[in-house]
Amino acid sequence: MDQSFTAIRRCWQDWVDNGRFQRHEGSGRSRAIADREDRLTVRSAVTAPDSSLSTVRRATRTRVSTMTIHRRLIERNLSSYRSLHQPLLSPAHCRARLQSGLA
């Protein structure tokens, strides 16, 4: 593991003492984008849900990867979706299908 011995010992001691381990607030790597940019990213993804992650990144002008944007959207319980790869049925197609089913 790439953890220091003292960090592992502290986690183990928390487990022995409390029977659980909680991540300490503020530990870990700092975020790549600020909260303001994060909100802007989420807002642009919500306003155009069919846009791709790279489009969201260009719209917000942030210098982070598309995976980072993807993770931020998942944290907010949002998921991007792609439009269908096939065209939708037109009303004429629907009428034709209904008429052929009745015959």
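The buried residues of helix α4 pack against α2 and α3, where buried denotes under 20% relative accessible area, exposed over 50% and partly exposed anything in between, with a 1.4 Å probe and protein chains only. Contact, throughout this talk, means heavy atoms within 4.5 Å. Helices are DSSP runs of H or I with at least four residues, and strands are runs of E with at least two, numbered from the N terminus.

Please note that this is a predicted model, in which local features need pLDDT of at least 70, side-chain atom pairs count only at pLDDT 80 or more, and totals for chains, interfaces and linings use all residues. Residues are numbered from 1 along each chain as its sequence is written, and side-chain values use heavy atoms, with hydrogens and water left out. The pLDDT, which is the predictor's confidence in each residue from 0 to 100, averages 78 over the protein chain, and 81% of the residues score at least 70.

Which residues of α4 are buried? They are T68, I69, R72 and L73. Viewed down the axis of α4, these fall within an arc of 135 degrees, so they line one face of the helix; the arc is that of the directions from the helix axis to the C-beta atoms. Just after α4, N77 adopts a positive phi of about 60 degrees.

I turn to α3. In this helix, L53, V56 and T60 are buried. Their arc down the axis of α3 is within 60 degrees, so they too line one face. On the other side of α3, R58 and A59 are exposed. The cover over the buried residues of α3 includes α2, residues 35-47, and α4.

How do α3 and α4 meet? The axes of α3, residues 53-60, and α4 come within 9 Å and cross at roughly 95 degrees. Axes are lines fitted to C-alpha atoms, for helices over the stretch in contact, with angles from 0 to 180 degrees between N-to-C directions. From α3, L53, S54, V56 and R57 take part in the contact; from α4, T66, I69, H70 and L73 do.

Finally, T62 sits in the loop between α3 and α4. At 8% relative accessibility, T62 counts as buried. Leaving aside residues up to four places away in sequence, T62 touches E37, T41, R57 and I69.
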